[in-house]
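This briefing goes through one protein model, topic by topic. Please look over the sequence and the structure before reading the points that follow.

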Amino acid sequence: SSPEMGMARIKNYLLSEEVKQRFSDMMGREALYYLNQVLITVSCSPKLMECDPRSILIAAMRAASLKLSLDPSRGEAWIIPYNKRAQFQIGYRGVYELALRTGLYRFINVITIYDGETVVEDRMTGIHAIQGKPINKRVTGYLLYFQLVTGYEKTFYMTVEEIAEHAARYSPSYTYKDSPWNNPHERPKMEMKTVLMNGLKKWGRFSPKDSEVLDQIEMEIRDDNSLPLPDQPAPPKKSQSESEIMHDLGYETE
């Protein structure tokens, strides 16, 4: 089936009354904004157009329940195609945003460690320090430092090898061609995200609701059988402008 047919099928599904209602129940007025973001994301990716519409909806619902943007330029969250299924992937900015939202942090910083630098842990306090000087630009690891407004502080360190091993084990999208892991520009952010996420999940704080969603994402809960099944694709329409999509979603455009 052509990408246009795929796009038409996804659009019919996401704009069906049942799906719009589900989204509105969950997101209120922001529902239409999310569905619009999803349609724009899909329309930029022929591979997403081939994906099962339900998997796209699940990825969108994940982003929406965490209130993270799917705009790729924001780097908060992604919808990635894999074997005709869409997968939700949280980005570095997304994890950072969830932490800041709690209002509990005074500082959060992920520091890049270069060849020539050594990370040493103080055995009394458990806090890491950086010794030595970089001898080149090769990145050997990342160190998270955070302090809560209460004064509690913690560090968490992973080498790039430990990060790669963790991602290969826990991130289904690690090997996908379209994954930010395999984009040289995005990979360092994904590495930073792994350190940020693991350090904050172990020692930091997220809101209980966000924590629950993050656990579900990590466990890769694949499907939601309560979602409606997609209908057969309608014949493709001509490609639509953003304002036409907004109109279809029920926005009153000027």
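K67 is partly exposed, with 46% relative accessible area; partly exposed lies between buried, under 20%, and exposed, over 50%, all with a 1.4 Å probe and protein chains only. The model is predicted, so local features need pLDDT of at least 70 and side-chain atom pairs count only at pLDDT 80 or more, while totals for chains, interfaces and linings use all residues. Residues are numbered from 1 along each chain as its sequence is written, and side-chain values use heavy atoms, with hydrogens and water left out.

- Most residues other than glycine have a negative phi.
- K67 is not a glycine, yet has a positive phi of about 50°.
- K67 sits in the loop between α5 (53–65) and β1 (77–82); helices (H or I, at least four residues) and strands (E, at least two) are DSSP runs, numbered from the N terminus.
- N83 also has a positive phi of about 50° without being a glycine.
- The loop that holds N83 runs between β1 and β2 (85–90).
- N83 is exposed, at 62% relative accessibility.

**Salt bridges**

- Side chains of opposite charge can pair when their charged atoms come close.
- The model has 7 salt bridges, each defined as a side-chain nitrogen of Lys or Arg within 4 Å of a carboxyl oxygen of Asp or Glu.
- One of them joins E76 and R74, at 3.2 Å from N to O.
- E76 is buried at 8% relative accessible area, whereas R74 is partly exposed at 44%.
- Another salt bridge links E97 and R101, with 3.3 Å from N to O.
- Helix α6 (residues 92–101) holds both E97 and R101, which are 4 residues apart, about one turn of the helix.
- E97 is partly exposed at 28% relative accessible area, and R101 is partly exposed at 36%.
- R187 and E191 also form a salt bridge, their closest N and O atoms being 3.3 Å apart.
- R187 and E191 are separated by about one helical turn because they are 4 residues apart in helix α8 (residues 187–203).
- R187 is partly exposed, with a relative accessible area of 23%, while E191 is buried at 10%.

**Nonpolar core**

- A nonpolar core is a set of buried Ala, Val, Leu, Ile, Met, Phe, Trp, Tyr and Cys residues joined through side-chain atoms within 4.5 Å.
- The largest such core has 61 residues, of which L14, F23, L66, I90, L144 and L196 touch the most other members.
- Helix α5 gives this core its largest share, 7 residues.
- Leaving aside residues up to four places away in sequence, L14 touches V19, K20, L35, V38, L39, I56 and L57, where contact means heavy atoms within 4.5 Å.

**Confidence**

- The mean pLDDT of the protein is 85, and 85% of its residues reach 70 or more; pLDDT is the predictor's confidence in each residue, from 0 to 100.
- Strand β6 (residues 139–148) has the highest confidence, at a mean of 98.
- Confidence is lowest in helix α10 (residues 242–248), at a mean of 54.
- Over residues 232–240 the pLDDT stays under 50, and the model has 16 contacts beyond four places in sequence for these residues.
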